[in-house]
Amino acid sequence: MQISVQSAKQNLGIEAAPHLHAGLSTQRIMALVLLALLPAYAVVLYFYGFAVIWQLGLCLVTGAVCEVLTALLRGRRLKRALCDLSYVVTAALLALTLPSLMPWHLTVVAMAFAILIVKQCFGGLGMNIFNPAMAGFVFLIISAPGSFFTTYIAPAPAAISVATPSRTLDVILAGDSTDQRALVDEIKAINVSADALSGATFLESIKTARKAQTVSAIPAPEFTDSAYQAYLFLAGAYLLGGVVLIACKVILFQMPLAFLATVAAGGALWHHLAPDASISALEHLLFGGTMLAAFFIITDPVTNAGTSKGRVVFSIICALLLLLIRVKGSYSDSVAFAVLLSNAAAPLIDVLTRRRPFGIGYKEGGLR
């Protein structure tokens, strides 16, 4: 009597790898990541207003629709597609990185691109090569730069008192530039020093000086100033969330440590050698998405390297690319581009840092 291979495997209890039972399930890991992002959302709400919640809602609804659509097309269970919370994490990260007043249809397009193209076209959860949130961000920044760089809100204390749910929803849904400018002006009026940002990010506001090689002529930001406190508090919120993830063993501390150390050392050296071209190391760390990338982006287990040494190499390469693109490139914030390029290099990093197979490379009396 012939017994099929599959039946034999079932009878013998043979299952596909991995064979070790992990204490953290995918759903639990995603839930912990969302919990760790709560301090950052609290800071953004206070300094930027309620718009981030609408952006999050748009991303969540779009992500859920895309997950349901792909599950139906592939004949998979809807519960499995929605309950792993991976699309919720992608939505939370994308909403934090997009401009607060981004028109609703562009947010929907970015999230749909992240889920349908970047994640599902490669096979779904665990199979994607690139980070979905960063890919959606880059897709939007390249395809709609006009809307992208004109819909930021300059941070100001208690901005939520001006950027209320109703006002921000009206701007996001209608895309009215007149209402948008009025809202931005009211937020800047909370403190005069916010005028220096003109509604854009700090890195975007010094873009002209960076291209003209006159960065050193710009006064250094005073983080005690209310206009810049948002960046300090937001960096602290990301750090707090990262500590939670490290304590829960969701991420390894070596990756954010190597990444931030490389950004700090490289930024300090570049600023010392070419102060007219590069901002200081502290500014590299606190502005843009550096802290977000350190704890929530590069640590994505699917898109980074698979070996212990490879993860450190991956982090260092990502940090060097961040500095290079930020100082020499055309885009102000280079985190997403650096992450995607590093994602593409991850398979090669795995090959170059793979462990020696057990029993190979030994000879009697020691290593060959």
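Buried means under 20% relative accessible area, exposed over 50%, and partly exposed in between, using a 1.4 Å probe on protein chains only. Keep that in mind for the stops below.

This is a predicted model, where local features need pLDDT of at least 70, side-chain atom pairs count only at pLDDT 80 or more, and totals for chains, interfaces and linings use all residues. Residues are numbered from 1 along each chain as its sequence is written, and side-chain values use heavy atoms, with hydrogens and water left out.

**Colour by confidence.** pLDDT is the predictor's confidence in each residue, from 0 to 100. The chain averages 84, and 84% of its residues reach 70 or more. Now select residues 1-15: pLDDT stays under 50 there. The model gives this stretch two contacts (heavy atoms within 4.5 Å) beyond four places in sequence. Residues 192-199 are also below 50, with 23 contacts beyond near neighbours in sequence. Where pLDDT is low, the predicted coordinates should not be read in detail.

**Select L37, F259 and F296.** These three touch the most other members of the largest nonpolar core, which has 97 residues. Such a core is a set of buried Ala, Val, Leu, Ile, Met, Phe, Trp, Tyr and Cys residues joined through side-chain atoms within 4.5 Å. Helix α2 (residues 26-48) gives the largest share, 11 residues. Helices are DSSP runs of H or I, at least four residues, numbered from the N terminus.

**Stay on F259.** Beyond four places in sequence, its contacts include T290, I298, S315 and L322.

**Move to S315.** Find it in helix α17 (residues 308-328). Is S315 buried or exposed? S315 is buried, because its relative accessible area is 0%. Its side chain reaches the backbone oxygen of R311 at 2.8 Å. Beyond four places in sequence, S315 touches M255, A258, F259 and I298.

Notes. Helix = DSSP H or I, 4+ residues; strand = E, 2+ residues; numbered from the N terminus. Polar contact = N/O pair within 3.5 Å; in protein donor to acceptor, adjacent residues only side chain to side chain.
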